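Here's a quick briefing for anyone meeting this structure for the first time. Have a look at it below, and then we'll go through the main points by topic.

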Amino acid sequence: MKKLILIGRVAAGKTTLTQALRGEEIKYFKTQYVNYLETIIDTPGEYTERRETSGALSLYSYEADIVGLVLSANEPYSIFSPCLTSMVNREVIGIVSGIDKPDANVERVTRWLKLAGCKKIFPLSAVTGEGVRELAEYLEDEEDRKERLAAEKRAKAKEAKKKKTTKEKTNE
Ligand SMILES: Nc1nc2c(ncn2[C@@H]2O[C@H](COP(=O)(O)OP(=O)(O)OP(=O)(O)O)[C@@H](O)[C@H]2O)c(=O)[nH]1
Ligand SMILES: [Mg+2]
């Protein structure tokens, strides 16, 4: 997997997304410090919001392959300034979190992330799971992709075999 650093304001949904991407149970956990995991770097929203700490994020981004700017779908404004990505020497993707929220405006938030310079945008909900798979697959490297496709093929073959056996038993 490519290493992803998640950046966004407090309550943007970074930790919930981290849990969803890792297939963990979703439970609220306030990020207190930079949580450096095997494939994800989850950061506290205060690091993005406070000038004294935001510089640390630049240093952590050097450890990642991809920088993910997380903006909740119901945000009334964007904290990411236009053309922000030109200052980052890593690929920067936009993540629209919380698309399941009743007051979500995915189109507007997508526009803001594009304005910040993100070419690729992932609208998703870590709570319902919608869109999480697309992001997970984007983060796969060649080896991960091969492994997943082989596992999917095995599962399909197993399912077909099971169906065939059930059909034969019914016909007996
Ligand atoms: N409906 C909905 N709620 C979400 C989603 N993602 C996160 N939340 C909720 O938003 C709140 C904040 O989520 P976190 O994942 O802790 O946010 P964070 O960006 O890690 O926040 P900090 O650690 O404070 O920087 C929690 O109550 C989550 O349950 C989502 O996709 N849909
Ligand atoms: Mg968090």
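Let's start at the ligand: H1 supplies the largest share of the shell around ligand 1, three residues. Helices (H or I, at least four residues) and strands (E, at least two) are DSSP runs, numbered from the N terminus. Keep in mind that this is a predicted model, where local features need pLDDT of at least 70, side-chain atom pairs count only at pLDDT 80 or more, and totals for chains, interfaces and linings use all residues. Residues are numbered from 1 along each chain as its sequence is written, while chains are lettered from A and ligands numbered from 1 in the order in which they are written.

**Around the ligand**
- Ligand 1 is surrounded by 20 residues, and the closest are Gly13, Thr15, Thr16, Thr31 and Gly45; a residue counts as near if its C-beta atom, placed from the backbone, lies within 6 Å of the molecule.
- Sorted by class, that shell has nine polar, seven nonpolar and four charged residues. Here Ala, Val, Leu, Ile, Met, Phe, Trp, Tyr, Cys and Pro count as nonpolar, Asp, Glu, Lys and Arg as charged, and the others, Gly among them, as polar.

**Helix H1**
- Seven of the eight residues of H1 are buried, so this helix is largely enclosed by the rest of the structure. Buried means that 20 or more other C-beta atoms, placed from the backbone, lie within 10 Å of the residue's own.
- The buried residues of H1 are Lys14, Thr15, Thr16, Leu17, Thr18, Ala20 and Leu21.
- Their cover includes S1, S3, S4, S5 and helix H5 (132–138).
- After H1 comes Gly23, with a positive phi near 70 degrees.

**The sheet**
- Six strands form an open sheet in the order S2-S3-S1-S4-S5-S6, with mixed pairing; two strands pair if DSSP finds at least two bridges between them.
- Strand S2 (35–36) and strand S6 (121–123) stand at the edges with a single partner strand each, so one side of each has no neighbour in the sheet.
- S4 (residues 66–72) and S5 (residues 91–97) pair in the parallel sense over seven bridges. Gly68 has Ile93 as its bridge partner in S5, and Leu69 stands opposite Gly94.
- S5 also pairs with S6 in the parallel sense, over three bridges, and Val96 stands opposite Pro123 in S6.
- S5 is mostly covered, with six of its seven residues buried.

**Domains**
- The domain assignment, which is automatic or from a database, gives the protein chain domain 1 (4–139) and domain 2 (142–172).
- The C-alpha centres of domain 1 and domain 2 are 35 Å apart.

Definitions and conventions: A residue is buried if 20 or more other C-beta atoms lie within 10 Å of its own, exposed if 12 or fewer, and partly exposed in between; C-beta atoms are placed from the backbone. Two residues are in contact if their C-beta atoms, placed from the backbone, lie within 7 Å.
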